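Work through the exercises below with the model open beside you. Each task is followed by a solution that goes step by step.

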Amino acid sequence: MAKGKNTAGRPLAVKAAVAALLFLALQGTVRGCSSGTAESEVSGEKNTVWSGILLEMADAAEESLYEMFMPGILFQRSVSHETCWFLQEQIDSLFPLYGYVTQNLEEDESRGTLWEDEVLREILLAETDPDKESGSAETEQQENMERSLAELLKEENEAAMGRRENAGFVTHTQQVRIDTESLQDYETLLKQFYIVDSNTMASSDRLNAESFLAKDMTVSGDGQEPQILIFHTHSREAFADSVQGDPATTIVGVGERLTQILRDTYGYNVIHHTAEYDTDRNQAYSKALPGVEQILRENPSIQVVIDLHRDEMPEETRLVMDLDGRPTARFMFFNGLSRTKKTGDITYLYNENLDSNLAFSFQMQKKAAEYYPGLTRKIYLKGYRYNMHLKDKYLLIELGAQNNTVEEAMNACDPLAHILNMVLSGE
């Protein structure tokens with residue numbers, strides 16, 4: 001609705017009519033006071049004072065007419081009401097352009113200059129047109145109010161997904177080149193690529209850029225058998241506008257989108273496992289372990305495992321960037337080191353694939369920094385294992401956070417899939 005537009009057509013017309021009557025009355029009174037014969041010097045003085053007051057009131061009423069009367073006239077005209085006979089003369093004298101305006105009213109309406117908001121027009125016509133079905137506007141408003149929030153959010157998400165798909169995605173060429181020579185220095189590597197959690201420790205014997213780059217992370221096969229497994233230890237993680245009860249708008253839906261891109265665009269054979277393991281969040285990793293192990297036993301051709309999460313951030317922190325005009329959630333690779341400052345190496349959480357896990361996330365991070373600068377956060381290193389021992393090519397990804405929208409999270413799947421394909425294909 002246009003700013004400043006009066007949404008109460010009937011009260012405006014009433015105000016204008018009252019102002020017009022007041023103006024006529026005041027003018028008549030002033031004329032009477034000024035033209036009447038003075039009965040005495042006292043009454044003459046009183047009439048002079050009274051006339052001055054009335055003239056000021058008449059001027060104010062006239063000013064109000066110019067501000068309010070024209071909308072009232074147009075309103076009366078638009079709903080086919082005849083202007084009151086006792087106001088017609090006053091209208092003609094005050095508004096010489098009235099005839100021109102009313103003659104061109106229909107043309108102005110067709111251009112939208114007088115009725116910028118069609119909702120306002122419908123409300124006014126519903127209130128004033130006796131031939132319009134009574135209460136239809138109120139009924140429609142009530143029906144809209146009765147629609148559940150879930151339905152509205154679902155429509156919004158579907159529209160957002162449609163915009164994303166229609167907008168398309170163009171993969172980036174290399175934007176910058178990472179100086180791998182400088183990364184041979186441990187402190188430089190740590191500063192540029194990692195955040196180390198306060199409960200663990202990372203040393204140069206684990207973080208070595210040269211050894212990470214030497215690891216072969218390519219996958220074999222032609223896609224006839226499963227190559228990639230995507231699952232969610234925390235499948236209940238949702239976004240700012242997720243619809244309660246609709247997993248398609250949670251991290252599970254994001255996983256499905258990533259699965260489709262990897263299948264359709266890059267030709268990988270992907271299994272998307274959507275089982276729920278976080279009814280008790282504290283036990284999610286232990287509950288997920290046997291389920292994932294079973295899938296790997298049944299599908300020995302799987303070479304890559306991705307545990308896809310979304311992060312939790314302070315409400316004022318938004319993990320989003322504009323990527324080629326598309327709002328895109330930023331994401332982060334995560335590694336467990338099976339080591340804490342308090343206990344040292346955790347022997348019962350031994351991970352024989354730790355070096356390969358670290359190499360995989362490093363190669364992903366490097367490609368992301370070179371092709372999509374700013375899209376990824378630094379790799380987060382924490383204690384414990386997080387089931388990453390199951391495969392050498394195992395990624396734990398935190399995509400967006402609770403205050404990202406579904407659209408932003410979905411948009412992140414395109415560059416993520418591209419980065420993954422570059423690493424897995426050896427580009």
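**Exercise 1.** Are α11 and α14 parallel, perpendicular or oblique to each other?

Solution. This is a predicted model, in which local features need pLDDT of at least 70 and side-chain atom pairs count only at pLDDT 80 or more, while totals for chains, interfaces and linings use all residues. Residues are numbered from 1 along each chain as its sequence is written, and side-chain values use heavy atoms, with hydrogens and water left out.

Start by locating helix α11 at residues 251-264 and helix α14 at residues 406-425, whose axes come within 9 Å and cross at roughly 40 degrees. Here axes are lines fitted to C-alpha atoms, for helices over the stretch in contact, and angles run from 0 to 180 degrees between N-to-C directions. Helices (H or I, at least four residues) and strands (E, at least two) are DSSP runs, numbered from the N terminus. Angles under 35 degrees count as roughly parallel, over 145 as roughly antiparallel, 65 to 115 as roughly perpendicular and the rest as oblique. The two helices, α11 and α14, are therefore oblique to each other.

**Exercise 2.** Identify the residues through which α11 and α14 meet, and sort them by class.

Solution. With contact meaning heavy atoms within 4.5 Å, α11 contributes Gly253, Val254, Arg257, Leu258, Ile261 and Leu262, which meet Ala409, Met410, Cys413, Asp414, Leu416, Ala417 and Leu420 of α14. Sorted by class, this contact has 10 nonpolar, one polar and two charged residues, where Ala, Val, Leu, Ile, Met, Phe, Trp, Tyr, Cys and Pro count as nonpolar, Asp, Glu, Lys and Arg as charged, and the others, Gly among them, as polar.

**Exercise 3.** Describe the surroundings of Met388.

Solution. Begin with the loop between β10 (379-382) and β11 (393-401), where Met388 is found. Next, Met388 has a relative accessible area of 1% and is buried, a term that means under 20%, with exposed over 50% and partly exposed in between (1.4 Å probe, protein chains only). Finally, setting aside neighbours within four places in sequence, the contacts of Met388 include Phe334, Asn353, Tyr394 and Leu396.

**Exercise 4.** Which residues touch the most other members of the largest nonpolar core?

Solution. A nonpolar core is a set of buried Ala, Val, Leu, Ile, Met, Phe, Trp, Tyr and Cys residues joined through side-chain atoms within 4.5 Å. The largest such core has 60 residues, of which Tyr194 and Leu207 touch the most other members. Its largest share, 12 residues, comes from α14.
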